[in-house]
Every structure is written in structure tokens, then in C-alpha cells.
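Dear colleague,

I am handing over a structure that you have not worked with before, and I would be glad if you read the notes below with it open beside you.

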Amino acid sequence: MKDMRHGVTRKHFMLGAGASTAGVLTGLTGGLSIRLPALASGGPDIPVGVMVPLTGGGATYGPKMLKAIEITVDAINKAGGPMGRRLRIVSEDSQTSPDAAVTVAQKLISLNHVESIIGTWSSAVTLAVLPITTQAGVLEMNTSGAGDVTAPKYRRLVFRTQPTDRPYALVMARFAKKQGYRKVSILALNNPYALTMRDAFAAEWRRLGMPGVDNVVVYNPKAASYAGEVQKALQGTPDLLIVIGYTPDASIITKEWYAADVKTHVMGPGFAFNDALVKNVGAGVVNGFFAVDGIPPVTQPGYKAFADVFQSATGSSLSDNFWPAQAHDQANLLALAMEAAKSTAGAEVAAKMRDIACPPGIEVYDFATGAKLLREGKKINYQGASGPCDFDDHHDIVSNFAVWRLNGTAREQLALYPARDLT
Amino acid sequence: MIATLLQHAVDGIVLGAIMALPAMGLALVWRIAGFPHLAHGSLMTIAAYAAWVAAGSWNLPLPLAVLFGLVISALAGVGMHLGVYRHLAGRPMLNLFIASIGVELFLRYGIIFSFGSDFQTFPLPAERGMHLGPVVVRPLDVILLAAAFAALLGVWWMFRGTQLGRRMRAVSDNPSLARLSAISPARVHLAMWVLVSVLAGASGILLGARDVIAPTMGWDVLLLAFAAAIFGGISNPFGAAIGAFLMGLVSELGILWIPTSYEEGIAFFLIMLVLLVKPRGLFGEAVRA
């Protein structure tokens, strides 16, 4: 027993000593990395907070967003970086959890002294972070669709590269009417994004002169069973069931829907009705599901400029989902706005964001070209991999939308909705 | 309306079955080891992951994969007992309670470290429900119900009809007296941990097969199972199981009239009312001093 206690003490000592050595070393290297480039270029590194979901519900998407940001920041630094300074990524896991995100944001701001945070995913996370970043004067870029994300109290310092939840709902309602569906039920996850989309759908459905939505069932995340919720939504056998959630819960709901063996068709956002869902429930089960999503601008130069680089670095296609392209654009937009502002301060960078992102101006697809033109005093218009990134007065973007029908692992585009009709 | 009521009643019984197995285990641990076991959920999760690895990566036939999952959860339960809880026996209940939170977190993050936090699914095709008169039942739910009832009967028989059961009751009622009668509490504890781990593991594998496998899947059910056990009477494993079925029924029938997002709230409200009248739960026996 005595020996054991000694062992423990020694272990603790070693751990403590190890930790403090590591701390001193980190401090030293941190200090070095701040000073060394200063000799070579325009100033110390610029720390940029990156907060993508590496664990939790968003873990399917976060790692590839981080990869996209790393590749992009690498290219930015190779081109000299904004104002001749290198960007340094400080990455923290949001855990797809608002609680964890708050802690992480505080850490990034007070410990790492970041003046901008990019990559927050899911509206619940972004909405938890925004009061903190706004108060600290930190610029925030995210991939979240809930309306409140760009509410007036946050707007000055926040930009989103994700279309709002509204166009999803508009497309769902218009497509459902076109298909001749009359009885519609909604199953919505109990979180800001899904509830926004649910309300926007109901409003548009009424505007189109359709009878009220038959049944709206809100479900909680992580329930032991969704059998009751699905039964309730399918009561009276609606023509169409709209599932507004993420892939894990959509998978469970799909299994329950399939077991219920009804004629009801199913529709949902494309980021939930994705390849992972098909893999989870089987290709035969999702045949005929409708997926609604923004169209990646696969034919545009901004997309092409990044697609091959991303494909060779990760082995997966940039068109799999919307988010790595958005993460790439956020890094480029941030660096270009810093260059235009000749500053890293959140408010000053934010004030230049629309100047470099919106027309008129020379269209650019990467930091190197854009920064060169900015230094020559030219006006630029960044065209991203996720779309034109033209932020409107609310700092929102619009995107072209489409409806796809899932046929096994393939998907067939059925209808196209141009961005101008979706505001 | 009758068909809808029946359908929701069936869903409620299935939900009850998911909670009944861990609830019985929680009651057994409470009765014999004397503490609320917060790491019970990770026994469910571990079994599901083990069976998933066996079926998905090693391509073992499903029954073998399930067996493997159960063995792993039994080993995990026995490991917790021998590695942690046994050393804290006789200390205040709070020590064991806190230790079990530590075990839960350790195992949860171990799973996230090993398999990632992404969710997984068994290589099972989605299944059509069977039409039984006006109600539709998933074949997997029939297996779940069968497993729950078999476990209920099995534990009943073991408790009432076997020497091991008598010893368990003896140890739980009075450990010193049991020792005087040449009953080894150590063996009884060991047997109890194997039993509750297998019960929890079975429920974890079935839950993973009908929904998805995720690092917190067991933890997410644990609060409900605890509530069910307290509702039925945590000192009585059968009361705990009946509590689980009642709670499942109340939740699923309740959402016919109340918004679904309050489903759990209604169940917990009802439990609160029952406990105000019957503090030991519906079927609780006198708790030992």
C-alpha cells in the first residue's frame, strides 16, 4: 500500500513536471513563432479561431471543414498572407454542443486572443457563441441557417455562407404543391434551425392557398424511441411527410416510417438526406425520397479552383455536402477583408467584408489574386467555391436551390429554383 | 381512434421494454450493492459497440455477434466491480455514486476515442412492420419484447426459485447474517454484476439495432430507466420493470393529447405525483437501514 502511494505520488510528480515542461516549451515556441516571421515579413502571426464540430452530431461534417480551412490557410500563407502576415489556425472542437461552444469561444478570445472565429456549424452552436463574440468585438463567420443568426443585435460582426433556413422551406412548399400533395405532416427536431424551417414552411404553404399543415410533431434529440412521434405524424396517412432534422435522427425516423408501411412520401433537407442516411437504412428504403438543398456551383470557376485540390487532399468530393466549400470561402473572405481593412480588428474587417465579396469589382477566386489587386487599389468581387458569396444587407447570402429524388445511391435533379425567387 | 390508441399502447410497451432491462439491473445493484449505478448506461453502449464490431468488421453471424456483445458487457460489469466498486464497499453511498460517474465518463470517452463520436448502424436492412389487426409492429420490437419478458421471468425465477436468488436476497437483507450462514457475499456480488451487465447489454444491442449506435446511447436511456425504477420501487427489480412499462405507456399515450416535446416531462410529472403519495414507489419494499 505504501509503495503504491509512493508510485502514485511519483506518477503525479512526473505528470506535473511533464505538463509544466510542455507548458514552458509551448510558451517558448509560441513566442518564437510570433517573433520569427516578424523579422521576415509584415508582422506577427494572426491567430484565427476555427470552431468546427469534431465530435457530436456534426462530427460527420466537421473534420472535412477543418481540412478545407487548413488547405486554404496554407495557400493564403504561401501567397504572403494579409498585410504580409501569416494566419495561424487555432482550432477547437465545438462538440456540436452550445454549452461546449461557449467555453471554447471564451477560451479562443481570452487565451488565444483571436479577433475572428470561423466555421461554427449548427444554429444552436452559433447562437450560443454570438453574444460572446459580439461583446468582445470578434468577427464571426458560420454555416448556420436560423433567422436569428443575423439578427440586428449581432449583424455588424456576423456573416454566414449558408443560405438561411427560409429558402429550404419555400422550395419544399412550392415543390409539394407542384406535385399535387395536399395533406402534409411535419416532423421537426426541437432546435432553432428545424423550428425556423417548420414555421417558414407553414407560412409559405398558407400563402400558396393550401389547407393548413395536418400535423406538426416536434421531437427531442436523443429520445430512446421515435415510434410514437412517427405514428403521430403519420396519423390519417398524409400525402407527404417532411422530416426536418439531421442524419442520425432522420435515419431512425426513416426506419420507423418504413416499418409503418404507408403510402406517405418523404421529403427533407439534403444535408440530412445524404449518403450516410442511405448507408444507414439501405438504398432500397430511401427510393423516392425528396431532398432539398442549395446547388453547389459546380460549373463556376470559384468551385473548380478548389474542387481538385480538396479532392486530392481528402479523397472525397467537394460536392458531397455544402460545408467544406463554405469553410474554404470563409477563410478566403476573412483574409481578403483583413487585407482590404489593413487591420485584424473584428469591426474593421467586418466593415470591409461586403466590399470584397459583392459586385461590382474584378471577380477573383483565391487570396493571392485578390490581395494583389487590392494592393493595386482595385475593387474586387470574391467568387467562392460555395457560391458567389454576395452578402445582402442582412449579411445573409442567397443560393440557387434544387429538389432531388433519391434513387438508391444516385440522385436525380427534378426541379430548379433560382435564388432570385427565394427571398 | 381505437386503432390509434392500440398503436400507441404497443409503442409504449416497446419503449417500456427498452427501459425495463436496465431498470431491473439498476434495482438489483441498488438492492445488493447499495448504490445508484450511474455507469449502467455504458454497459448498454459497450455491448452495442462490441456486437457492432463483431457483426460489421469481423462479419460474424448475428447471433454470435450478439453473444460477443453480451460477453463483453458482462466482462465490463465484472471489471467495474472488481476494479472499482469492491474497493469502496462499506464507504458512504455517495462515494460509490461518484465513482460510478467516473467509470461512466471514462468508458464514454474511451468509446469516443476508439470509435469516434459519429453514430454507427448494424448491417441490418430496414424492415417492414407486421400488421397484427389494426396495429403495426416491427419484427425487431417483437424480439425486444420477448427478450424483456424472458428476462423478467428469468430474474423472477432466479430470485424466488434458486439458491443463488435466495443468497442474493439474504446478502441484500443482512450481509453479516448471510456471512454467518456461510454465504459468500463476494460470490453473490459477482453473480449479480454478471446478471445486470447481461441485462443491460441485451437492451443496448437491441436499442442499437432498432435505432442507431452512438457513444451516449446508454446514458440517454439511463435517466429514464432510473426514473422508471424509482417509480416502480427501486428496491424491487420486478417493480422497477413494471415501472418501466407503465412509464412507456404513459409517455406514448400521453403524446396523443400533449405536444410530443413534452413527452418525458409528462412521465416525470406523473412519477412525482406517485412518489408524493407512495415514497417507496409503486411496488417498493421497505429499504434496509
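Predicted model: local features only at pLDDT ≥ 70, side-chain atom pairs only at ≥ 80, totals over all residues.

Helices α3 and α4 of chain A

How do α3 (residues 98–110) and α4 (residues 123–136) of chain A pack, at what angle and how far apart are their axes? The angle between these two helices is about 30°, and their axes are 8 Å apart. Because angles under 35 degrees count as roughly parallel, α3(A) is described as roughly parallel to α4(A). Their crossing is right-handed. On the side of α3(A), the contact is made by Pro98(A), Ala101(A), Val102(A), Ala105(A), Gln106(A) and Ile109(A), while α4(A) contributes Ala124(A), Val125(A), Ala128(A), Val129(A), Ile132(A), Thr133(A) and Ala136(A). Sorted by class, this contact of α3(A) with α4(A) has eleven nonpolar residues, two polar ones and no charged ones.

Thr143 of chain A

In the loop between β4 (139–142) and α5 (152–155) of chain A you will find Thr143(A). Is Thr143(A) buried or exposed? Its relative accessibility is 4%, and because buried means under 20%, Thr143(A) counts as buried. When residues up to four places away in sequence are not counted, Thr143(A) touches Met65(A), Thr120(A), Trp121(A), Ser122(A), Thr161(A), Gln162(A), Trp323(A), Gln326(A) and Gln330(A).

The seven-stranded sheet of chain A

Chain A also holds an open sheet of seven strands, in the order β7-β6-β8-β9-β10-β13-β14, and here the pairing is mixed. The edge strands are β7 (215–219) and β14 (410–417) of chain A, each pairing on one side only, and the twist from one strand to the next averages 20°. Strand β8 (residues 240–244) and strand β9 (residues 265–269) of chain A pair in the parallel sense over three bridges, with Leu240(A) standing opposite His265(A) in β9(A). Helix α7 (residues 192–207) of chain A packs on this sheet, where α7 touches β6 (184–189), β7, β8 and β9 of chain A, and the direction of α7 makes about 160° with that of β6(A).

Trp52 of chain B

Turning to chain B, Trp52(B) has its place in helix α2 (residues 40–57) of that chain. With a relative accessible area of 14%, Trp52(B) is buried. Leaving out residues up to four places away in sequence, Trp52(B) touches Ser57(B), Phe115(B), Gln120(B), Thr121(B), Phe122(B) and Ile213(B). Between Trp52(B) and Arg160(B) there are 35 Å in space, C-alpha to C-alpha, and the two are 108 residues apart in sequence.

How values were computed:
Residues numbered from 1 in each chain as written. Chains lettered and ligands numbered in written order. Heavy atoms only, no water. Axes fitted to C-alpha atoms, helices over the stretch in contact; angles between N-to-C directions. Helix = DSSP H or I, 4+ residues; strand = E, 2+ residues; numbered from the N terminus. Parallel < 35°, antiparallel > 145°, perpendicular 65-115°, else oblique. Left-handed = near helix turned anticlockwise from the far one by under 90°. Contact = heavy atoms within 4.5 Å. Nonpolar A, V, L, I, M, F, W, Y, C, P; charged D, E, K, R; others polar. Buried < 20%, exposed > 50% of the residue type's maximum accessible area, 1.4 Å probe, protein only. Pairing = 2+ DSSP bridges.
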